Amino acid sequence: MTLLNRRSRGAGENAPQAPPPDTESIVTGRKAGNRKPTSLRQGWVAHIFLLPWMIGMIVVTAGPLIASAILAFTDYDLLSAPEFIGFDNFTRMMEDDRYWASVGVTLTYVVVSVPLQLIFALFLAMILDKGIRGLAIYRSGFYLPSLLGGSVAIAILWQQLFGDSGLVNEGLGLIGIEADSWLQNPDTALWTLIILNVWTFGSPMVIFLAGLRQIPEELYEAAEVDGAGKVRRFFSITIPLLTPIIFLNLILQMIGAFQAFTPAHVVSGGTGGPLDSTLFYTLYIYQEGFVNFDMGYAAAMAWVLLLVIALATALNFIASRRWVHYGDE
Amino acid sequence: MSKSTLQDVSRRNFLTYAGVGAITVGAFALAGCSIGGGSGGTGTTTVRFAWWGGADRQKAYLAGLDSFGQQNENITVEPEFGDYNAFQERMTTQMAARDVPEVFWIPSPAVLTYRDASIYRDLEGIETLDLSAFSAAEIDSFRLDGVLDTLPKSMFSPVLRYNSTFMEEDGVTLPEDLTWEALSEFLIDYTKDNANGRKGTTYGPYHDMPFESFVRQHGEDLWTKDGKLGASVDTVAEWIDWWETLRKAGATTTVSEQDGIEASWSLTGNKVLATFANSNHIVDEALAFPDYTFDQRDIPAFADAAAGYHFVYYSRFAMYARAEDDRVDAAGELMSFNLNSLELLKLVGLSAGAPPNTSLLDEYEPEATEVEKKVIAITREIAATERRDRFEAPAGSGNWRTMFVRELEAVTLGDRSVSDAASNFVDAVTAEIETA
Amino acid sequence: MAILDRDVQATAAAGKPLEPAPRRRRAGTGRGRRITRHAFLVLFALLMLYPLIWMIVSSFKPSNLILTQTGLFPSEVTLENYTGGWDSLGTPFTTFLINSGVVAVGSIVGNLFSCALTAYALARLNFRASKLYFGLTLLTMMLPFHVLVIPQYILFAEMGWVNTYAPLLIPKFLATDAVFIFLMVQFIRTLPRELDHAAMLDGAGPFRIFWSIILPLMQPALITTTIFTFIWTWNDYFGPLLYLTKTKLYTVPVALKSLVDSETQSGIGIMFAMSLVSLIPILLFFLFAQKYIIKGIATTGIK
């Protein structure tokens with residue numbers, strides 16, 4: 001064990017100067033070459049480790065996944081048997097104005113709110129990572145919004161903040177600006193939901209905090225001895241070592257934003273209004289599937305979304321080769 | 001050295017927690033299962049009953065079901081409730097899985113959708129179902145396309161509700177002869193003249209019941225017998241126009257003030273003189289503003305309104321088509337209780353509407369609150385009118401309100417003319433019904 | 001809840017020897033800077049927490065005033081939302097809290113167990129299909145759950161699992177929460193490979209390496225998983241709504257949503273009050289769990 005400790009420390013010191021990772025190892029964490037002899041044995045072992053996952057995959061996940069893929073090619077009203085209709089659901093999407101409205105809303109939301117939320121979360125994680133008195137209380141305080149984020153109470157809270165006579169407008173009134181409800185204006189409604197997302201920055205913050213904790217203290221000390229300033233230490237130690245975690249958060253939040261449902265469902269009461277300006281993609285899926293009993297169309301839309309997210313994730317993985325540095329290379 | 005022991009300790013702790021957790025959970029999960037499977041006691045029949053509402057209603061119905069259980073010791077009722085949306089989400093899933101409660105309420109837009117999915121059981125010939133309180137003509141009016149597969153659990157009609165306290169303070173009275181034109185003028189004048197900055201009404205073209213009445217006054221049906229949208233583009237446009245005139249004259253709260261096309265009562269109840277509503281809404285909504293007195297009356301009508309335009313909306317409930325035979329009698333018993341029990345009515349009150357069973361209403365009247373008496377009065381008044389047939393919303397029309405809201409949003413934001421909105425709406429609803 | 005107590009004691013005991021080791025270098029240079037930082041944090045926290053404060057104040061107002069008299073200073077104060085709310089569904093709210101606790105703890109155990117195994121295999125073991133499996137895992141995160149809900153419900157209803165906790169718990173033991181697999185894989189990958197090699201040279205097999213090296217070192221990821229699983233299952237609404245139809249089995253969010261009528265907004269005061277009550281266990285859990293993050297790191301020896 002003492003050996004292990006020494007080793008890990010050594011490895012940590014080397015990490016920031018690690019050479020750029022080779023592409024093969026990125027996705028699986030496997031180093032190419034010279035492991036062949038063990039791989040056969042490891043194949044068996046791996047499947048023992050993977051047993052619960054495989055059962056889950058086959059029994060719980062795969063069935064519904066395949067079912068939904070098949071339903072995408074049918075007309076299915078949930079009540080009578082599905083009817084095969086080929087690609088009709090997909091061609092219908094092409095001509096569906098509301099569908100494209102929902103695509104626009106969702107893309108805006110992903111592109112704007114994810115980076116904002118991550119920067120915000122990293123910034124606060126950095127502040128809170130410092131030894132500060134009352135740390136636990138601040139951290140819990142900052143996490144509270146995330147606990148409330150999906151609650152029914154949010155609809156009322158947001159009305160209190162952004163409604164016609166909400167807190168924001170009262171504040172603006174003090175400096176002589178009169179404004180209408182931010183929730184009922186199609187130009188601003190989506191922004192109130194982006195604020196809601198940034199406000200619930202607790203989850204990425206906790207992940208960042210855990211990641212920051214993984215960074216060996218000795219590196220900072222060594223850098224300080226070498227005369228590196230704060231900014232320098234942040235960019236040459238914190239950021240490089242945190243890249244796998246930043247990447248993780250980016251992927252998680254991106255997928256989450258593509259699938260955002262609760263905020264719009266709660267705040268607009270499920271309509272996606274005003275004028276479809278908060279009609280998130282998944283909200284439209286929900287409306288078609290659960291309100292309109294058109295589960296075939298909903299499934300088709302869901303699979304298009306899956307392909308888009310998969311593509312975006314794959315692009316991120318490819319791009320990550322340039323900027324994410326793993327400790328296991 | 002010390003580090004390595006600590007490492008072991010913490011790992012062992014971690015595993016201990018995991019182990020203890022697993023055992024505890026296992027125990028609870030088993031407990032959960034046994035609660036779940038435990039209702040099959042000897043000689044009792046279990047009936048699942050699903051409805052929707054808020055805390056007050058849930059509590060009232062649970063109390064009612066308790067006393068039902070005492071009267072029928074061989075029947076166990078399993079309640080399944082939630083708020084309106086949750087109820088529908090669960091119901092949809094259960095229908096897809098063919099796992100529907102034996103007795104359930106039906107959300108108004110879904111009456112024919114559920115019918116087309118054949119989940120209603122024919123109620124004819126169930127011995128325990130006591131319909132003796134209803135005349136043959138009444139029972140006929142409950143039928144859908146000649147089949148008695150649903151029953152009304154409550155009923156209501158559109159009304160014009162007004163704040164009598166404001167009327168008195170501002171010294172105004174509603175026009176004697178309440179036509180749409182007269183009401184419009186009155187509301188505009190009131191907004192202009194009252195000293196307290198109050199508005200005439202909320203922006204309310206979204207209200208489906210007065211809209212339906214407006215359509216019927218034109219001699220059209222909102223939904224036709226053969227399952228189509230019966231309202232013409234012109235009528236829809238005229239309806240929106242009536243509201244736009246008020247809105248442009250400043251006689252309504254703005255969409256921003258009332259938080260959306262669908263006005264929020266708590267935001268507007270102390271700002272407006274009158275609102276359109278359903279006859280039962282006054283029970284819950286008057287509670288929000290205890291300082292004011294509210295009253296209600298029949299809604300406006302054109303001088304030349306088509307005969308029989310009045311209507312009563314039946315909120316329905318039904319029995320599941322696949323209810324097992326041995327549960328049908330028990331389910332019939334439960335439905336009878338809902339239709340005929342004064343005890344239940346005393347618990348739940350009139351917040352969800354008046355009981356269709358008129359003798360029950362008479363018995364209840366002495367117990368009714370002041371506000372509920374206003375519900376009873378208008379219910380009787382409309383029951384006495386001549387009423388031509390009314391048909392339910394066809395399958396596929398389930399989200400017509402959402403479509404209407406979108407058009408109204410476009411109109412109020414100045415993006416669309418009234419006539420375009422009306423024809424868009426009619427086209428969209430027609431298309432949805434056709435694809436269903 | 002007994003589990004929590006045990007944990008607290010254990011933490012206190014194990015934490016002792018490490019207490020005097022402050023993690024970061026002697027922070028800051030001046031008192032002034034420290035005060036500014038606190039001022040900033042307090043101000044910021046207040047801004048973040050305004051909605052919550054509003055909710056707390058509202059929960060003490062009579063129901064009819066909550067939406068009509070929205071200021072922070074109520075003209076009338078009442079406890080009726082708390083006293084009346086506790087029993088408003090015919091079942092004491094304590095039952096819902098316990099149910100939620102059971103589901104949350106069960107999910108945590110399930111996720112820790114199954115996702116750690118899976119993540120280790122995917123991140124560290126060499127086998128042909130690992131890329132494929134990892135891809136599949138990610139894929140399952142990407143399909144919106146609304147189209148999966150109904151087939152899954154049909155499956156679990158067929159198995160007779162409606163009105164048991166099985167549909168909520170068993171999938172967790174089968175590594176169906178792909179998010180956590182991904183999270184753990186990313187964390188494992190920040191650990192140097194040399195650790196494995198050294199152990200392998202000492203003759204340790206994959207199980208020993210997982211058990212004695214990876215698992216202890218990935219504690220931050222395990223704690224993160226614990227926190228998120230707890231909070232997500234505590235807040236999860238749709239699953240419990242569909243699978244638990246008996247009031248006695250309700251979890252907190254299902255109970256909360258049954259309190260408010262979406263049409264009339266009646267019951268809002270009770271909902272606020274009970275929402276706040278149900279936040280308390282999460283807060284306690286969070287306060288406790290994050291203490292563990294700090295300690296967890298200190299004991300891993302990676303620093």
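Helices (H or I, at least four residues) and strands (E, at least two) are DSSP runs, numbered from the N terminus. The views below show a predicted model, in which local features need pLDDT of at least 70 and side-chain atom pairs count only at pLDDT 80 or more, while totals for chains, interfaces and linings use all residues. Residues are numbered from 1 along each chain as its sequence is written, chains are lettered from A and ligands numbered from 1 in the order in which they are written, and side-chain values use heavy atoms, with hydrogens and water left out.

**View 1. Chain C has 15 helices and 0 strands.** Of its 303 residues, 64% count as buried (under 20% relative accessible area; exposed is over 50% and partly exposed in between, with a 1.4 Å probe and protein chains only). Take contacts (heavy atoms within 4.5 Å) between residues of chain C at least 6 apart in sequence: 71% of them join residues at least 24 apart. The accessible surface of this chain is about 11200 Å², and carbon and sulfur atoms hold 67% of that area (Shrake-Rupley method, 1.4 Å probe; for residues, only the protein chains shown count as cover).

**View 2. Chain A meets chain C through 116 residues of chain A and 106 residues of chain C.** Together the two chains bury about 10600 Å², with 72% of it on carbon and sulfur atoms (the accessible area, 1.4 Å probe, that two parts lose on being put together, summed over both). Look for A:F49, A:W53 and A:R213, which supply 8% of the area that chain A buries against chain C, more than any other three residues. Helix α4(A) gives the most to the side of chain A that touches chain C, with 13 residues. The count of salt bridges between these chains is 0 (a side-chain nitrogen of Lys or Arg within 4 Å of a carboxyl oxygen of Asp or Glu).

**View 3. A nonpolar patch on the surface is formed by A:L51, A:I55, A:I58 and A:V59.** Their accessible area together is about 360 Å² (patch residues have over 30% relative accessible area and no salt bridge; like charges are joined within 9 Å, nonpolar side chains, Val, Leu, Ile, Met, Phe, Trp and Tyr, within 5 Å). A:L51 belongs to helix α4 (residues 51–71) of chain A, and A:L51 counts as partly exposed because its relative accessibility is 48%.

**View 4. B:E80 sits in strand β2 (residues 75–82) of chain B.** With a relative accessible area of 2%, B:E80 is buried. Leaving aside neighbours within four places in sequence, B:E80 is in contact with B:R48, B:F49, B:A50, B:W51, B:R90, B:Q94, B:P101 and C:T245.
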